[in-house]
Amino acid sequence: MWISSFFGLNCLFDVIQVMACLMSLSPSPLPLIPHGRLASTPAMFNSTLTENEEFSCPVDGSIMITASHLPYNRNGFKFFTSAGGLGKPDIKDILERAADIYKNIANDDSKRAETAASLDVKRVDYMSVYASNLVAAVRKAAGNIEKPLEGFHIVVDAGNGAGGFFVGKVLEPLGAITSGSQFLEPDGLFPNHIPNPEDKTAMKAITKAVLDNRADLGIIFDTDVDRSAAVDSSGREFNRNRLIALMSAIILEEHPGTTIVTDSVTSDGLTTFIEKKLGGKHHRFKRGYKNVIDEAIRLNSVGEEAHLAIETSGHGALKENHWLDDGAYLMVKLLNKLASARTSGLGGGSKVLTDMVEGLEEPAVAVELRLKIDQNHPDLQGGSFRDYGEAVLKQLENTVELDAKLLKAPVNYEGVRVSGYGGWFLLRLSLHDPVLPLNIEAPSKEDAVKLAHDVLNAVKEFTALDTSALTKFVGV
């Protein structure tokens, strides 16, 4: 969980003191927080679990400062304890406590506390500890071979984020050839491309690196390494539905019949692949990686086994890894498959991964159109954009029920999902913004246009809704 920071970095110690209070610790002296020049978000959580006195672990809490793939001036804080990432109620409590501290403490006392705190900080290279655990996991999967990736050529694109460590601290100790890896040095201005596995430019960059270097596999991370994607030796991308399909295949080999929890915009073809080919259960839930992870945790609590929670954005969390969305650990699961396949005599290269998604039905057309709500439009009548968006969805739902060509999804947790013309659409309200994203998948452009036209006819009365992207798509 992260929030946009209005603090500024100079008050980090104030926030750490509040964290200490939250964990029933005395705010002075401070607990020893392991940190260095650079870290990944998953590593910060893992520092609360690692048992290593030399590195002052496990720590009582950790704070990650990151803007993720957003511009450099959008940094925020992600808070962790050993129970996981803090949620909205916890963060609200932290903000209220920080405000009280700021209001009640004298300026001189604040400076003295900050000076005292700085003397109690111990700097350690925790990323080496975190990376060594990833290395150990791959070696174990390969039967404790020292260099199970020897001969594999794997390139990494870190997008100038924090993922560059994966080359020197994970892949090379495992024996992999890493020449051709790119953008490993951190630069928050992202001079080469946005570090985002959903971004087309980013995926083209890693695909080109794989093909130019004739690599077996390409790996790309987002800025703080809680998301990832991959590319096989032929340049085929493993992101969005394909990454979910691949991870589902791996997890269902280990846990037959388990439930795979995804976000709401995954394809019908993915459902068929998980349930008909792999023998699992697909539970499609709301957008938002925290929503997806929390739903998987909830299902386990009521007796429905779920081992994977994964969003099309590249956030993926496993039960075996404390339900942490860790892009590096996700890629380790792929490396495990490569290494174990070679050990079992099934050959080398990424073909073993490509074969695992064989049979996944993929739509000929897949688009997302964003319909913005004008909050200043008179049609809102002073109400909230959320109420207006809900009214749009209700109108669409009523219209669909009167159309014999369309079928509303019998189970749906977000927006209005409808099948028709061999495809489907989902119109939902954005989690944060005055926007109604419309996802459409269909076997042809003609069929996609038919679905879009039905949506347009249902919502055209809502004059505060900008349907220009929709009208352009249908050619009106």
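User: In this structure, is E304 buried, exposed or partly exposed?

Analyst: The model is a predicted one. A residue counts as buried under 20% relative accessible area and as exposed over 50%, with partly exposed in between. E304 has 21% relative accessibility, so E304 counts as partly exposed.

User: Which residue does the side chain of E304 meet in a salt bridge?

Analyst: A salt bridge requires a side-chain nitrogen of Lys or Arg within 4 Å of a carboxyl oxygen of Asp or Glu. Here the partner is K281, with 3.2 Å from N to O. This pair links distant parts of the chain, 23 residues apart: K281 belongs to strand β10 (residues 281-284), and E304 to the loop between α10 (289-301) and β11 (306-310). K281 is partly exposed, at a relative accessible area of 39%.

User: How many salt bridges are there by this rule?

Analyst: The count is 28 salt bridges. Among them is the one between E368 and R370, at 3.7 Å from N to O. E368 is partly exposed at 37% relative accessibility, and R370 is partly exposed with a relative accessible area of 40%.

User: Where do E397 and K394 lie, and by how much of a helix are they separated?

Analyst: Both lie in helix α13 (residues 385-401); because they are three residues apart there, about one helical turn separates them. K394 is partly exposed, with a relative accessible area of 48%. Elsewhere, salt bridges with shared partners join E198, D222, R227 and R240 into one network.

User: What describes a pair of aromatic rings?

Analyst: The distance of the centres and the angle of the planes describe such a pair. By the rule applied here, there are seven aromatic pairs. One of them is formed by F45 and F80, whose ring centres are 5.9 Å apart. Planes under 30 degrees apart count as stacked, over 60 as edge-to-face, and the rest as tilted. The planes of F45 and F80 are at 50°, so this pair is tilted. The pair links distant parts of the chain, with F45 in helix α2 (residues 41-46) and F80 in strand β3 (residues 76-81), 35 residues apart. F45 and F80 are both buried.

User: Which kind of aromatic pair do F165 and F166 form?

Analyst: Their pair is edge-to-face, with 80° between the planes and 6.1 Å centre to centre. F165 and F166 are buried. Ring pairs also link F165 and F166 with Y130 and F221 into a cluster.

User: Over which ring does the charged end of R417 sit?

Analyst: The charged end of R417 sits over the ring of W424, at 3.7 Å from the ring centre.

Methods. Residues numbered from 1 in each chain as written. Predicted model: local features only at pLDDT ≥ 70, side-chain atom pairs only at ≥ 80, totals over all residues. Heavy atoms only, no water. Phe/Tyr/Trp six-rings, centres within 6.5 Å; stacked < 30°, edge-to-face > 60°. Helix = DSSP H or I, 4+ residues; strand = E, 2+ residues; numbered from the N terminus. Buried < 20%, exposed > 50% of the residue type's maximum accessible area, 1.4 Å probe, protein only. Lys NZ or Arg CZ within 6 Å of the ring centre and 35° of its normal.
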